[in-house]
Amino acid sequence: MQERILIIEDEATLASSLKRVFQKEGYEVTTAANAEDGLSLLEEGFYDLVISDIVLPGMSGIEFLKRLHERQPEIAVIIITAYGSMETAVEALRAGAYDYVVKPVLHEEIKQIIRNALKQNALKTENILLKKQIEKEYDFSNIIGSSPAIQKIMNEIKKVANAKNNMLLLGETGTGKELIARAIHYNSNRAALPFIPINCTAIPETLMESELFGHVKGAFTGAVTSKKGLFEEAHSGTVFLDEIGDLSLTLQAKLLRVLEDQEIRPVGSTRSIKVDLRFVCATNRNLQEFVREGKFREDLFYRINAITLNIPPLRDRMEDIDELVSYFISKYAVDSGKQVAGIDQKALEYLKLYSWPGNIRELQNIIERAILITESDTITSEHLPENIMQKKERNSFLMDTPMSIDEYTQSFILKNQSSYTEQELAQMLGITRKALWEKRKRWNLSRK
């Protein structure tokens, strides 16, 4: 589609000359001899850019600019001014003009200014569309589920979304803690400001302080330039600290200062920088137990959990399986370009018998895999992993055979260790990884 330019110029020769130049560049061009006619044209149709002389009969170019920006502030305006009217050009820039050119107008100069203005407009439009897409993606209605457990969380989120307080999200791996954090941010009064997710286990300890706080040039070997930290990037927005339980005690102390003073100090700097940040933290750890063991600062714990939300595991909201499966089938069928319409009842029953140690993330991965391998329009039980299929038989064996608790635990570990990680096995048994390791050692159960 051709980009549209409106020229408001009372000098007919100049208006005609500019129109020919811009038409040769591929633009659709309309001219008006005064500001009043220009405003009428802008009300009747859309223009990507306006070029206006400062001195016009009747309404001045400055007054026109002010009126236009009251109605359509997104339109870029380029002002044409005489050499002796530079003060007026500066006034126009203050009033919101994108740029100005001085008479006599040089065609190459104004063509380049127009290209830059239109490119900037395109980026603005793209950012607006992206923002709307993100807001839609993280709208509360996109958190799937109608079970009492998830509805309770949704009601709590709606109440606290605009709160300035720091929040703590508790839940097992794969329960959707980051999705909840994003929903909180994009449905709050900070939605137009940055959301910065930080995985505390993904950044090496030696780099974490510099990543969070930034550094100045020469602060350490390799710091050849100054760098802004993630906390400064997130100013006025939301910081999501995932797996905060894995943060070192040293960094916990520094984070506590940020929470208390709302100030950061880049590595190697003597100057503090004021920031306005809301922290949403998440963990699958028992932070109270960590506090008792000296692994997590008590004062930091109370700073981050002004509002605590417990995200339910999938096994506590099994009635949401149908909706979640339907959602993931639709999503990955489109992504893969396959015409997969649904899942048969037998396969769905297998999914409902499973305990989901990996929660929603595990279900998501299983549906994505099933869609990739299926050659039909329906997911069947043959498209599911073997450990899902064996769930019923495994339960029958363990429940029908008389066993002590220790025998049950040993049998469970041996039968399932090839299908699950140590963390998942521990979660299924309701114990810590350390306790699982101690049981392996006591019973001489090696992981083959």
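Mentor: A salt bridge is a side-chain nitrogen of Lys or Arg within 4 Å of a carboxyl oxygen of Asp or Glu. Please keep in mind that this is a predicted model. By this rule the count comes to 23 salt bridges.

Let us begin with R71, which forms a salt bridge with E43; the closest N and O atoms are 2.6 Å apart. This pair links distant parts of the chain, with R71 in helix α3 and E43 in helix α2, 28 residues apart. R71 is partly exposed, at 44% relative accessibility, and E43 is exposed, at 58%.

Next comes the salt bridge between R285 and D246, whose closest N and O atoms are 2.9 Å apart. R285 lies in the loop between β13 and α11 and D246 in the loop between β10 and α10, so the pair ties together parts that are 39 residues apart in sequence. R285 has a relative accessible area of 36% and is partly exposed; D246, with 31%, is partly exposed.

The pair K111 and E108 is set within one helix. Their closest N and O atoms are 2.9 Å apart in a salt bridge. Because the two residues are three apart in helix α5, about one helical turn separates K111 and E108. K111 is buried, at 13% relative accessibility, whereas E108 is exposed, at 53%. Both belong to a network of salt bridges that links E25, E108, K111 and R115.

Finally, consider a charged residue without a partner. E362, in helix α15, is buried yet has no salt bridge; R315, the nearest side chain of opposite charge, is 8.7 Å away.

Definitions and conventions: Residues are numbered from 1 along each chain as its sequence is written. This is a predicted model: local features need pLDDT of at least 70, side-chain atom pairs count only at pLDDT 80 or more; totals for chains, interfaces and linings use all residues. Side-chain values use heavy atoms; hydrogens and water are left out. Helices (H or I, at least four residues) and strands (E, at least two) are DSSP runs, numbered from the N terminus. Buried means under 20% relative accessible area, exposed over 50%, partly exposed in between (1.4 Å probe, protein chains only). Lys and Arg count as positive and Asp and Glu as negative; His and the chain ends are not counted.
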